[in-house]
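Subject: Structure for you to look at

Hi,

Here is the structure I promised. Please open it alongside this email.

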Amino acid sequence: MTTDLTPTDMAHLRRCLELAAEALADGDGPFGSVLADSVGNALHEGRNREHSTGDPTAHPEFALARWAAMNLDPEACAGATVYTSGEHCPMCSAAQGWAGVGRVVYIASSEQLTQWRSGWGAGESPVRALPIQEVAPAVDVIGPVPELVEEIRALHQAAAGA
């Protein structure tokens with residue numbers, strides 16, 4: 001399900017794709033994320049670093065939730081958005097819920113990624129794919145974004161060696 005996205009939303013999502021490609025080039029899973037304030041200004045960004053750091057929790061959504069919690073007041077957190085190349089895993093959803101970041105916009109859903117990986121014969125995730133709102137019900141969620149899905153799918157396909 002999507003709603004109309006603004007040019008600013010789309011620009012942040014395109015940056016997420018760039019960050020995902022950078023992650024893939026460094027041997028990490030192709031995920032990238034941008035944290036923006038309530039008027040759309042980018043505040044912080046990140047990309048997956050789970051393999052390059054040896055830390056399986058080094059997801060960008062988790063890092064951005066922590067950054068928001070440590071650098072923004074509760075009102076600013078509630079008005080902020082995490083843009084991301086893929087729907088949060090349950091760990092990252094929980095982090096966003098605890099930090100109080102109010103909105104997430106993602107390109108591809110966890111369900112889509114699970115289906116793609118299954119079709120490529122890639123291994124399953126070590127945690128169950130759950131919709132963000134099952135873990136963090138107060139978060140406003142928009143996604144997937146059909147206009148960009150094929151771009152992130154191609155990065156995941158390359159990561160899977162398919």
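Predicted model: local features only at pLDDT ≥ 70, side-chain atom pairs only at ≥ 80, totals over all residues.

Cysteines. A search of the whole structure gave zero disulfides. C77 is in none, and the cysteine sulfur nearest to it, in C92, is 16 Å away. C77 counts as buried, because its relative accessibility is 2%. C92 has its closest cysteine sulfur in C89, at 3.7 Å.

Helix pair. Helix α1 spans residues 7–25, and helix α8 spans residues 146–160. The two pack at an angle of about 10°, and their axes are 10 Å apart. Angles under 35 degrees count as roughly parallel, so α1 is roughly parallel to α8.

Which residues meet there? From α1 they are M10, L13, R14, L17, A20, A21 and L24. From α8 they are E147, L148, E151, I152, L155, A158 and A159. By class, this contact has eleven nonpolar residues, three charged ones and no polar ones.

UniProt places "domain: CMP/dCMP-type deaminase" at residues 7–121, in an unreviewed entry. Over residues 7–121, the chain is 53% helix and 20% strand.

Best wishes

Definitions and conventions:
Residues numbered from 1 in each chain as written. Heavy atoms only, no water. Disulfide = S-S within 2.5 Å. Buried < 20%, exposed > 50% of the residue type's maximum accessible area, 1.4 Å probe, protein only. Axes fitted to C-alpha atoms, helices over the stretch in contact; angles between N-to-C directions. Helix = DSSP H or I, 4+ residues; strand = E, 2+ residues; numbered from the N terminus. Parallel < 35°, antiparallel > 145°, perpendicular 65-115°, else oblique. Contact = heavy atoms within 4.5 Å. Nonpolar A, V, L, I, M, F, W, Y, C, P; charged D, E, K, R; others polar. UniProt positions renumbered as here; feature names shortened; annotations may be inferred.
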